[in-house]
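Hi everyone, thanks for coming. Have a look at it on the screen while I talk.

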Amino acid sequence: MAPAPFPVPRSVSDDPLSASGVPGRADLDPRTFRAAAHRVADLMADYLEGVEDYPVFPAIEPGSIRPLFPATAPEAPAAIAKILADYQALVVPNATHWQHPGFLAYFGTTASGPGILGEMLTATLGQNPMLWRTSPIGTELEGVVVDWLRQGLGLPPTFDGLLTDTASTSTLIALAAAREAAGLDAAAEGLAGRPDLAAGVRVYASAEAHSSIEKACMTLGIGRASLRKIQVNERFELDPAALAAAIGEDRAAGRVPLAIVATIGTTSSTSVDPIAAIAAIAVAEGVWLHVDAAYAGPVALLPDRRASFQGWELADSIVVNPHKWLFTPLDASLLLTRRMELLQAAFSLQPEYLRTIDREAPVRDYSEYQPQLGRRFRALKLWILLRTFGLQGLRERIDHHLALAAEFADWIDADPDWERLAPVPFSTVCFRFRPAGAARHAADPAMDSRLDELNAGIMAAVNRSGEVFLSHTRLAGRFTIRLAVGNLRTEERHVARAWALLRREAGRLGAG
Ligand SMILES: *Cc1c(COP(=O)(O)O)cnc(C)c1O
């Protein structure tokens, strides 16, 4: 039998990805699209498999990326192969690698495999579930996953809700609804020229609450001045007695309380406001209660970890971010509410061209409940993710992160040269280097400022390693290093490596 003929080298024109651009007036032809999608799938899998080889944060300076790109858009079409090569050369190395297991800064998140698959299919279907008829599946599947998550979190069926882009938008929507609940009719009348509101309106949140609450006040036209920040205790938890006193004082001065925002897992220290006590005040005062559980909310999937959440079922609205600790690619925020009709009162507007006129059954048009018209089909990735991992799988992963953080906190506590600066209710540890020689409790401002500088230096040196990435906050005036576990690839060895690097740099810098 004759040997198989030597394979003929494929000419460049055989490879659709090397063809220059897209001929004609149409989209990518199906053959090229298929080849490109396969190539992209390989890039994706290679990236996720090798992400640990990148420095978590690239060693670059601001302004170094833009000059790598042409100042004007290309006139001529380019080949996909060339574009993907540039993606590899110019885009990937200049990213902050949130997918890296050493990403322990801010709140670590993961765009999980199932979530990424969901994003690919979402983009392919090109749905816009602004109205039921513009995406029946986008609309009804959103109802399904919102209710799956609601049940998983242990909340009663009185809660309905929707998916938004971010917690910032969810909180904006909640506060707009709170304003309607207070009878201001701001949606129709606005707030300008309202002598009855001359003394001002008030939103209450702790001094540790997220900046998105302040931004929502700015956006809603009630201004930052309307946010009254309530003092916290030494554990950074809102003081309910101070809240009640503030409301009483404001009412006496003729101000109108609109909403209380309580946080389960503040961004700085992950402190937990006393929800049940705050809910009792909200009920007694008839004021809207919004619970911000953007980061920590997924912990409520674990029934034996629900103590921190006690009383949140009394809230009027709750925000939990699947794109934070539920392994969903940005963006996805879950806004749950017992008062969907007030969201609608805040945002409903139906021009004739958006009216559904050919259906008898009532339809849910989600754009009626949010400021934007167009919206993404976010339910698809959540449906795929919830089915791939199952609630059980999500619980195991979150439980693992809680255990890793607890272990790291134990290491800090056992070392006399380090101190923890806040309780660890979830997966984030706040700490600093404080050599055992330094007096622990003495109020010595000079010492504290030396420690601030030292800890900032330690963190910067650790981050320069590229192996792990940490961020900081300030607690009780002190520079505080934060280690937050939330990435699916993070294992004990990464947390241990962070600890080794911290001690190494502290030894080097602290000795001087
Ligand atoms: C991260 C965070 C937010 C803001 O989330 P976005 O989705 O980025 O708007 C709000 N509140 C808390 C407690 C957070 O941790």
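Arginine 194 forms a salt bridge with aspartate 196, and their closest N and O atoms are 3.1 Å apart. Please keep in mind that this is a predicted model. Aspartate 196 counts as partly exposed, because its relative accessibility is 48%.

Now let's go to another pair. Arginine 339 and aspartate 316 bring their side chains together in a salt bridge, 3.2 Å from N to O. That one ties distant parts of the chain: arginine 339 sits in the loop between β7 and α11, aspartate 316 in the loop between β5 (288-292) and β6 (317-320), and the two are 23 residues apart. Are these two partners buried or exposed? Aspartate 316 is buried, since its relative accessible area is 7%, while arginine 339, at 27%, is partly exposed.

Next comes aspartate 160, whose side chain meets that of arginine 364 in a salt bridge of 2.7 Å, N to O. Here 204 residues separate the partners, with aspartate 160 in strand β1 and arginine 364 in the loop between α11 (340-347) and α12. Aspartate 160 is partly exposed at 28% relative accessible area, and arginine 364 is partly exposed at 24%.

How many salt bridges does the count come to? The count is 31. There is also a network of salt bridges that links Glu119, Asp331, Arg376, Arg378 and Lys381.

And then there is a lysine without a partner. Lysine 324, in helix α10 (residues 322-325), is buried but has no salt bridge. Its nearest side chain of opposite charge is aspartate 292, 6.7 Å away. Which residues does lysine 324 contact, leaving aside neighbours within four places in sequence? They are Phe107, Gly108, Thr109, Ala294 and Tyr295.

Let me turn to a helix. Helix α4 covers residues 136-152, and its 17 residues reach 24 Å from first C-alpha to last, close to the 24 Å expected. Among its buried residues are Leu141, Val145, Val146 and Leu149, and also Glu142 and Arg150. The cover over the buried residues of α4 includes β1 (160-164), β7 (333-337) and α12 (379-414). Just after α4, glycine 154 has a positive phi of about 80°.

Last, the cysteines. The structure holds zero disulfides. Cysteine 217 counts as buried because its relative accessibility is 0%, and cysteine 430 is buried at 0% as well.

Thanks, and I'm happy to take questions.

Methods: Residues numbered from 1 in each chain as written. Predicted model: local features only at pLDDT ≥ 70, side-chain atom pairs only at ≥ 80, totals over all residues. Heavy atoms only, no water. Helix = DSSP H or I, 4+ residues; strand = E, 2+ residues; numbered from the N terminus. Expected span 1.5 Å × (residues − 1). Buried < 20%, exposed > 50% of the residue type's maximum accessible area, 1.4 Å probe, protein only. Contact = heavy atoms within 4.5 Å. Disulfide = S-S within 2.5 Å. Lys, Arg positive; Asp, Glu negative; His and termini not counted. Salt bridge = Lys/Arg side-chain N within 4 Å of Asp/Glu carboxyl O.
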